[in-house]
Amino acid sequence: QIEKPHLDLGIVALTDSAPIIMAQQLGLFNKWGLHVELHMQNSWATLRDKLHTEKLDAVQMLAPMPMASSMGLLGPACPLLTAFNLSMNGNAITLSQPLMHEIKTLNHGNMPALPLNATWLANIIQQRNHSQSDKPLTFAVVYPYSCHHYQLRDWLGSAGIDVERDVNIVIIPPTQMTKALADNTIDGFCVGAPWNTIAVEYGVGIMATSGYEIWNNAPEKVLGVLESWHSRNPSTHLRLRLALMAACEWLSDMDNRIATVEILSRPEYLDLPADYLRPSLTGEIIHERSKTAQSQSNFHVFSSYHAGFPWRSQAESMLEQFT
């Protein structure tokens, strides 16, 4: 028996919202007796608050968010749970054109090989410290408790950069990242697709490296619900997961992703040109405008490698990053 057949689901304008959008488009929610209305949110904090206050029944969440909410980080404790990973990978680090110009200058006017080694940034920081006149490099992530944040920190740390002392890290919603880069408010960001591709296509940034190249097959988005909601609606929750599992399996076929690009581009969903969505979904990644794409078939993973299973070891690894 379905306890609650009518559901409100929250998503953010990202390419890896594809499982939820395609479950709607393919009639998979209806197949399991659910009538689902999708609600696009501008920021992760807004989405979190609407779930906490039960304005939304379930949401697409950053993988660390259910644990952070349950622990009372960034607000009152609100017990959440996830029983399903929606996707793995999907993030990238993009650097501004002025910062890349500094790096090229250090490399005698030549573009270093991509993906970029963070050692180039360590050299820039050292140079700026010696001049004692330039402001620290500033990078943006989408949420404090996010794999974006941890991947950025790990990438910088791999070159010996002290993220507490040598750089600034600020929080900006995904949809505002490209403008902040273009305005020189920030020097780089770590965000999910398609916002890296958009910065590249606008000519304001170069994709330095992907999350996949930092953490191979890291959990990225999960289905989040209140523990109390699950207790009241266990059958509904199960049906919701079954529909999304089928959508993720459908998306594992690259041929199906071509149709997905066109659907995601519609005004009621991401409302973006298909050319911005196609690279990450098809795994043909463009690091620099007008340059040849690099093949990375696992840029988004929706079903392969047991992607949907929420491993306890993954949760423990993310918890270690909280401290």
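Select Trp 44 to start. Leaving aside residues up to four places away in sequence, Trp 44 touches Val 12, Leu 14, Gln 60, Met 61, Leu 62, Met 65, Val 142, Tyr 143, Pro 174 and Lys 221; contact means heavy atoms within 4.5 Å. This is a predicted model, in which local features need pLDDT of at least 70, side-chain atom pairs count only at pLDDT 80 or more, and totals for chains, interfaces and linings use all residues. Residues are numbered from 1 along each chain as its sequence is written, and side-chain values use heavy atoms, with hydrogens and water left out.

Next, select Leu 9, Phe 29, Leu 240 and Leu 244 along with Trp 44: these have the most contacts inside the largest nonpolar core, which has 75 residues. A nonpolar core is a set of buried Ala, Val, Leu, Ile, Met, Phe, Trp, Tyr and Cys residues joined through side-chain atoms within 4.5 Å. Buried means under 20% relative accessible area, exposed over 50%, and partly exposed in between (1.4 Å probe, protein chains only). Helix H12 (residues 234-251) gives the largest share of this core, six residues. Helices (H or I, at least four residues) and strands (E, at least two) are DSSP runs, numbered from the N terminus.

Move to Gln 41, in strand E2 (residues 35-41). Gln 41 is buried, with a relative accessible area of 5%. Its side chain makes a polar contact with the side chain of Lys 50 (3.1 Å). A polar contact is a pair of N or O atoms within 3.5 Å; within protein, one must be able to donate a hydrogen and the other to accept it, and residues adjacent in sequence count only if both atoms are side-chain atoms.

Finish at helix H15 (residues 312-322), whose buried residues are Gln 314, Met 318 and Phe 322. The face turned away from the buried side of H15 carries the exposed residues Arg 312 and Glu 320.
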